[in-house]
Number of protein chains: 2
Amino acid sequence: MEHAAVYQRLRENIEKTISVNQEQMELILQHFKPQKIEKNSITLRAGEYNQWMNFVDQGCLRIFFIKDDGQEVTRYLAFEGMFATGLASFITQEPSFEYLQAMENTVVLQINRNDFYYLLHIIPAWEKFFRDYLADAYINNITIYHRETTKDAEERYRELLKKDPIVVQRLPNRIVASYLNMSPETLSRMKRKILDLPK
Amino acid sequence: MEHAAVYQRLRENIEKTISVNQEQMELILQHFKPQKIEKNSITLRAGEYNQWMNFVDQGCLRIFFIKDDGQEVTRYLAFEGMFATGLASFITQEPSFEYLQAMENTVVLQINRNDFYYLLHIIPAWEKFFRDYLADAYINNITIYHRETTKDAEERYRELLKKDPIVVQRLPNRIVASYLNMSPETLSRMKRKILDLPK
């Protein structure tokens with residue numbers, strides 16, 4: 001099963017981060033189960049206890065939360081080859097304040113939280129895998145926080161175009177705006193302005 | 001040396017998180033060196049490569065960054081028994097965008113980054129220690145981001161009074177305001193308002 005094509009991307013992701021032998025790799029992969037998620041489906045809601053870590057094989061997942069005024073804030077987007085989960089609740093096992101939604105018809109490989117933590121006990125290299133995962137999540141977060149605190153809407157949009165053009169290419173304006181923490185109207189104004197400007 | 005009183009708090013912090021034998025504990029502690037930092041001294045500046053992890057034995061450290069308009073944003077405060085470092089640069093070894101400053105006359109136990117990472121190789125439990133450290137840093141960050149995005153100034157101040165009163169007790173208004181991402185004037189208004197209100 002773990003030799004199936006659907007595991008290839010995950011296998012490569014793991015091999016990039018840690019050294020494991022064939023037996024350990026199969027032990028890791030057999031805890032990940034393929035799952036289809038239909039476009040727009042929400043698989044984790046605020047208030048729920050998050051039990052799943054997802055690896056995106058095809059499609060796109062987004063993590064967002066909802067402000068008191070109903071506005072959505074998109075905090076993270078995962079495309080092919082990336083992990084995504086409501087990480088705070090996954091770690092603490094307190095109720096999630098985040099939602100997880102498929103933005104396209106998506107195929108994920110899912111591992112249950114118990115299995116994920118079990119792997120930490122039986123495969124020492126999995127500790128390094130999780131450590132690197134958490135370090136990346138931390139860097140990603142602090143970068144967003146720093147960007148939103150120090151950069152204006154235009155700088156944030158230009159940076160996204162440069163570093164993560166896939167976000168603008170694959171997702172609707174409404175989601176891109178909520179990822180950059182600006183209104184869709186501001187994003188549209190940015191887009192017009194930047195297209196008009198000489199490079 | 002590692003039996004000195006200055007190591008007691010650090011020893012307890014480590015024992016709370018991981019199981020290590022006496023030999024491993026001494027190996028860990030001997031890489032931490034006591035260091036005095038005078039009040040207001042800055043030991044890490046934006047643009048520098050952060051080489052140090054600090055454990056606060058006495059005093060207080062703060063991590064902040066400076067916006068283009070010169071305004072400081074306090075991102076993290078560490079009192080006795082807490083670790084503090086410019087974590088993004090510590091992990092990535094890219095230039096820091098954060099500053100580290102002593103808010104009081106402070107005694108820290110410092111470990112060099114190379115030694116910290118060396119411990120990961122020789123003491124398996126140190127992986128769990130760092131993993132838990134990163135998880136806490138992630139949770140702390142996402143909580144601040146969520147709070148600032150969803151809660152107004154008064155809610156943020158009330159939450160701080162409830163969860164972290166030490167911040168208000170030990171630090172000047174200017175720093176508390178920059179920690180809550182509000183102006184000192186707004187903070188003063190909050191304080192007056194909350195003192196006037198019945199509980």
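**Briefing: two chains and their contact**

B:P124 lies in helix α5 (residues 124–150) of chain B, where helices (H or I, at least four residues) and strands (E, at least two) are DSSP runs numbered from the N terminus. The model is predicted: local features need pLDDT of at least 70, side-chain atom pairs count only at pLDDT 80 or more, and totals for chains, interfaces and linings use all residues. Residues are numbered from 1 along each chain as its sequence is written, while chains are lettered from A and ligands numbered from 1 in the order in which they are written.

**Residue B:P124**

- B:P124 has 13 C-beta neighbours inside 10 Å and therefore counts as partly exposed; a residue is buried if 20 or more other C-beta atoms, placed from the backbone, lie within 10 Å of its own, exposed if 12 or fewer, and partly exposed in between.
- A distance of 41 Å separates the C-alpha atoms of B:P124 and B:A177, which are 53 residues apart along the chain.

**Chain A**

- Chain A contains nine helices and eight strands.
- Its radius of gyration (taken over C-alpha atoms) is 18 Å, close to the 16 Å that the globule rule gives for 199 residues, so chain A is as compact as a globular protein of that length. The rule is 2.2 Å times the number of residues to the power 0.38.
- The C-alpha trace of chain A spans about 55 × 40 × 30 Å along its principal axes.
- Of the 199 residues in chain A, 34% are buried.

**Contact between the chains**

- Chain A gives 25 residues to the contact and chain B gives 25 residues; two residues are in contact if their C-beta atoms, placed from the backbone, lie within 7 Å.
- On the side of chain A that touches chain B, α3 (87–92) and α5 (124–150) each supply at least two residues.
- The largest share of that side, 16 residues, comes from α5(A).
- The copies meet through the same surface, because 100% of the interface residues of chain A are also interface residues in chain B.

**Residue B:Y138**

- Not counting residues up to four places away in sequence, B:Y138 touches A:L87, A:L134, A:A137, A:Y138 and A:N141.
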